[in-house]
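Hi,

Here is the model I promised to pass on. Have a look, and my notes follow below.

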Amino acid sequence: MCGIAGYVGLDREAGDPVLRRMAAAQAHRGPDGEGFAAGARWGLAHRRLAVLDRAGGAQPMRSPDGRYVLVYNGEVYNYRELRAELTSLGCSFATRGDTEVVLAAWTQWGRAALDRFDGMFGLAVADTVTGEVVVGRDQFGIKPLYLADDGAGRLVFASELRAVLAAGAVPARPDDVTIYRYLRFRVHDDTERTFFAGIERLLPGQLAVISPDGVVRRETYTSLYGDLRALAADPQPYDDAARERFAGALDHAVASRLCSDVPIGTALSGGLDSSTIVTTIAGLLDHADPEAAAVGARQQSFSAVFPSERNDEERYVDLIAAGCTELTVHKVRPTLDGFLADLDDFVAAQEEPVVSTGPYAQYCVMREASRHVTVMLDGQGADEMMAGYAPYYLVHLRQRRRAAKALGTAVELARSTDVLWRLGRGRLHDILLRRTGKTTTELLNPAFVAAHAEQRLDVVSDDLKLRLEDDLFRHSLPALLRYEDRNTMRFSVEGRVPFLTTDLLRTLWALDDASVVLGGWNKRALRDATRRTLPSGVNRRRNKIGFTTPEDAWFARMGDPLRAVFSSASFGARPYFDQAAVLDALELFLNGRSNTETMTFWRLLNVELWLRRYIDADDAARSWTGTGSAGSTATTGATG
């Protein structure tokens with residue numbers, strides 16, 4: 001895992017200080033080394049976190065003929081298979097890791113190489129003959145990549161936004177459309193736009209060809225999305241053979257993500273997804289499988305627990321620990337005091353606002369994990385693949401109703417009542433107590449709302465596979481993957497997500513919807529695959545909690561800090577908020593007379609703190625020539 005950066009359209013003299021600022025801004029992504037390469041009108045920078053072939057994987061890396069230069073952030077887990085294939089085609093290798101394989105694959109197959117990779121990556125390849133630079137991102141968008149141009153044929157790209165800002169191609173300005181969609185609809189990372197005007201993200205499965213004069217041509221390189229539609233249109237029955245295929249693909253996905261020359265740990269929330277990874281690795285250790293060598297004699301897992309809070313999952317963590325003989329569980333206990341102490345750094349590390357305080361639990365877990373291991377596996381993506389959230393039950397029921405399956409719909413509804421009850425009981429409770437709350441729109445500046453009245457949030461409501469696909473690649477998972485990347489890399493940890501495997505996803509999409517939801521049970525294929533390895537108390541859990549914080553309880557005790565921010569002159573001067581309405585809603589909430597969601601207050605708070613950290617502080621963004629405020633907060637790293 002690493003950080004990459006680069007430019008197109010500058011000469012070497014002007015480009016060298018740009019590269020060095022960009023590399024320094026994301027030093028936390030690669031504390032083990034840095035490297036630079038430049039041509040006539042392009043430059044590449046790399047910060048290295050050494051995980052595979054620690055002695056031989058330095059970057060930038062040049063092809064044997066000198067034509068291509070690669071910087072690469074990520075891991076390609078099928079590199080050994082690709083290496084064997086490339087060797088049979090006449091390639092030779094001087095290193096043991098995956099970077100040289102990625103470069104050789106590019107040299108051999110060009111852009112077609114990207115869809116051969118099973119893994120996560122953000123990469124850039126400079127062609128020293130044509131002067132083009134190609135940047136690309138993995139099929140799921142696990143690893144980030146951002147681009148910005150100055151409007152004069154000069155462009156920069158990097159793994160993090162802070163590095164783009166450090167280059168000085170664009171000033172740090174807020175993107176009002178993104179802010180509105182975040183505040184109003186609770187979405188972000190769903191389009192090319194970022195919270196910074198003039199900086200865009202490369203989307204999952206995209207590459208961009210950058211010409212020497214800075215012209216960018218984007219294209220989707222992967223066949224994955226079309227394959228999923230074709231598989232869903234002609235599904236196979238979910239039978240015993242299908243169960244075996246899914247279980248085999250799952251085992252391979254986990255085992256293949258254990259390749260490492262540094263210690264590996266696991267995140268364990270107590271939910272079905274993370275518990276599956278932990279117990280699968282435990283099985284490999286029990287059988288002395290060489291694939292698990294990097295795990296060590298005992299697996300180390302890391303959990304956030306919240307004693308006496310409603311969202312505490314410690315009892316499920318303990319159930320897993322009791323069934324694994326070679327497992328050490330490290331428990332962290334995030335507190336409100338700790339959250340307030342970490343808040344500035346947490347906001348800085350995320351680089352853009354987040355949907356709730358939930359990612360702070362992961363932030364705490366990764367901080368503790370960094371003291372013991374360098375690589376962490378967790379269960380991101382399984383919820384979006386297999387309908388892990390309660391609203392998916394409604395999509396499933398609507399789909400059955402649309403298909404005129406009245407009897408089956410009634411049966412599914414009856415078997416889903418407990419899940420649906422948990423989904424709606426909070427609203428019923430507020431109705432009975434006659435408590436009302438403010439909508440987000442009511443807390444925003446009317447002029448701001450009017451200016452963005454055309455914005456919409458369209459979601460698939462009655463087709464389960466289409467909804468899951470939409471959430472995998474657009475509405476839900478991209479945001480979670482951003483949190484994953486920032487929380488791990490903040491502490492120089494590599495995060496790996498075994499469920500996000502193209503083979504596993506294709507295996508699931510080839511099956512009918514019974515593999516996802518059946519008889520009122522979601523994640524049916526995963527539950528079936530782990531029926532013998534997980535305790536029934538985890539395998540048959542229906543009370544989805546997730547990696548989160550006790551936000552309701554915390555915000556009820558945060559009156560003074562919230563008042564201080566919402567009554568501040570800077571908050572009142574923003575064009576986004578109705579300060580009086582916000583303060584009134586806050587007092588009603590703190591007095592127990594309102595059901596305004598804490599996530600609403602969090603979004604308001606997060607935008608204000610983000611503006612202070614990244615926009616207000618950027619009083620003089622660096623220019624291409626290196627002038628400006630050397631101490632600008634917006635251009636410094638988050639590692640402190």
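First, the terms: two strands count as paired if DSSP finds at least two bridges between them, and helices (H or I, at least four residues) and strands (E, at least two) are DSSP runs numbered from the N terminus. This is a predicted model, so local features need pLDDT of at least 70 and side-chain atom pairs count only at pLDDT 80 or more, while totals for chains, interfaces and linings use all residues. Residues are numbered from 1 along each chain as its sequence is written, and side-chain values use heavy atoms, with hydrogens and water left out.

Six strands form an open sheet in the order 4-5-6-7-11-12, with antiparallel pairing. At the edges sit strand 4 (61–62) and strand 12 (216–220), each pairing on one side only.

Strand 7 is the one I'd look at. Five bridges join it to strand 6, antiparallel, with V125 opposite V134. In the hairpin of these two strands, G131 has a positive phi near 80°. Strand 7 also pairs with strand 11 (residues 206–210) in the antiparallel sense, over four bridges, and there A208 is the bridge partner of V135.

Cheers
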